[in-house]
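Me: I have a model open and would like to learn how to read its features one by one. Could you walk me through it?

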Amino acid sequence: MAANTTNTEFSAEFFDGQTAASRAVIFKIAPDHFQVFEQTADLVIKGSYSGLELASPRQAGQPLRVKHSSLPAARILIHNSVAIADLLTLAPQLDGKVRPKRVLKTIGVIAAGFACLALFGYLLLTVAPGLVARQIPETWRDRLGEHVETSVIKSNKACSNAAGRTALNQLVRAVTGDQFDDLKLRVKVVDLPMVNAFAVPGGRIVMTGKLISKASGPDEVAGVFAHELGHVVLHHPEAAFVRIMGLQLILSLASGGTGPELIGNVASLMAVLSYSREAETQADLFAVKQLRRQGIGTKGFRAFFARIMKKDRSLLGGSLGGMGDILSTHPGTEERIEAIDPSKDGKTRSILTTKQWRDLKNICK
Ligand SMILES: [Zn+2]
């Protein structure tokens, strides 16, 4: 054992973690680092005190057993009590005592961080989307809607049979009346092989050809359309988009990333197109009110909904299985159907002639 004014050396034992053999080494304590040497003066480890950890719990009267982050498998055993005392001063984490104050402080800092993030996240995901959605400039909404629509529809063709389009416009007009002209609605039927309808940003509403062909009367299509119109009027597609962007922002903040990335994948698009149960209920309420205002019976809306959700669920799959709105599978379908009460309808009228209905049925032909 030798010592000088700045460095202190002690004998110690070294286990390399590969073999069980113990090697006698010199443990040298310098003010800002330690070194472990073989008796031959070959350096085994040089490291910082902060990288030292207890390899097993400290026990009074037993050697101190430590490891270092630079050689995680290796163990150093220090027997000398002076060396142990010196080391505990330079590497206080080795004393193995829990310091309640420090722990509480750490927990406090972490908890405060999480609370801020949670509050920020809560506001970003609940209050902000609705507010922000209303502020999105029309040109952005338009471009966003076009992007989402193209990504979802892909190469599937928009049904453009002229007589069918005329009948569709008639149906849309019957539901909207002369309201909502400011929304610049664009309603499309797309030749997709599943029953679905959805609203995308910018006043775009898409219904599938399969939905039209499965409907047994114009009032059923009108009901679905009125529900989607509800989402448009209530800015749900834009709010969903803002929520996803907010979620991405939160996730990237939480994971230490650089910032949100623009939604590019289908999974995110699907999330954009599905809404909370509350939003669905709001859209249903809107639909019922609007249909009644326009003298359209709600029986068709209810019947279509009940039939598709309860009996014809197999129709809801398809290449975009799980996507979209009217088929969204979140709980509460039963309550939503029950909430539509046709007995409360006032005077109703028929919105398409037999010929117009046939034309609409043929829109994808
Ligand atoms: Zn919906």
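Reply: Gladly! Let's begin with pairing: two strands pair if DSSP finds at least two bridges between them. This is a predicted model, and in it Ala12 has Ile78 in E7 as its bridge partner.

Me: Which strands does E1 pair with in the antiparallel sense, and over how many bridges?
Reply: As a general idea, strands of a sheet pair through backbone hydrogen bonds, either parallel or antiparallel. Here strand E1 (residues 8–15) runs antiparallel to strand E2 (residues 23–29), and 7 bridges join them.

Me: What is the strand order in the open sheet of 7 strands?
Reply: Reading across, the order is E4-E3-E2-E1-E7-E6-E5, and the pairing is antiparallel. Strand E4 (43–47) and strand E5 (52–54) are at the edges; each has a single partner strand, so one side of each has no neighbour in the sheet. On average, neighbouring strands of this sheet are turned by 35° against each other, with direction ignored.

Me: Which strands does helix H1 lie across?
Reply: Helix H1 (residues 81–90) lies across E1, E2, strand E6 (64–68) and E7. To E2, H1 runs at about 50°.

Me: What is the order of the strands in the open sheet of 3 strands?
Reply: That order is E8-E10-E9, and the pairing is mixed. E8 and strand E9 (197–200) are the edge strands, each pairing on one side only. From one strand to the next, the twist averages 20°. E9 and strand E10 (residues 204–208) run antiparallel and are joined by 4 bridges. For a residue pair to look at, Ala197 has Met207 in E10 as its bridge partner. Helix H3 (residues 138–153) lies across E8, E9 and E10, at about 15° to E10.

Me: Now the helices. At what angle do H4 and H6 pack?
Reply: Two packed helices are described by the angle between their axes and the distance between the axes. For H4 and H6 the angle is about 60°, and the axes are 10 Å apart. The two helices are therefore oblique to each other. Their crossing is right-handed.

Me: Which residues of H4 and H6 meet there?
Reply: From H4 come Leu171, Val172, Ala174, Val175 and Thr176. They meet Pro218, Val221, Ala222, Phe225, Ala226 and Leu229 of H6.

Me: Which residues have the most contacts inside the largest nonpolar core?
Reply: They are Leu171, Met207, Ala222 and Phe225, in a core of 56 residues. Helix H6 (residues 218–233) gives the most to this core, with 7 residues.

Me: Where do Phe180 and His235 lie?
Reply: Phe180 is in the loop between helix H4 (162–176) and strand E8 (186–190). His235 is in the loop between H6 and helix H7 (236–254).

Me: Is His235 buried or exposed? And how does Phe180 count?
Reply: The cut-off matters for this one: a residue is buried if 20 or more other C-beta atoms lie within 10 Å of its own. His235 has 22 such atoms within 10 Å, so His235 is buried. Phe180 has 16 C-beta neighbours inside 10 Å and therefore counts as partly exposed.

Me: To finish, how many helices and strands does the protein have, and what share of its residues counts as buried?
Reply: The protein has 12 helices and 10 strands. Of its 365 residues, 33% count as buried. Among contacts between residues at least 6 apart in sequence, 66% join residues at least 24 apart.

Technical notes: Residues numbered from 1 in each chain as written. Predicted model: local features only at pLDDT ≥ 70, side-chain atom pairs only at ≥ 80, totals over all residues. Core = buried A, V, L, I, M, F, W, Y, C linked by C-beta atoms within 7 Å. Buried ≥ 20, exposed ≤ 12 C-beta atoms within 10 Å, placed from the backbone. Contact = placed C-beta atoms within 7 Å. Axes fitted to C-alpha atoms, helices over the stretch in contact; angles between N-to-C directions. Parallel < 35°, antiparallel > 145°, perpendicular 65-115°, else oblique. Left-handed = near helix turned anticlockwise from the far one by under 90°.
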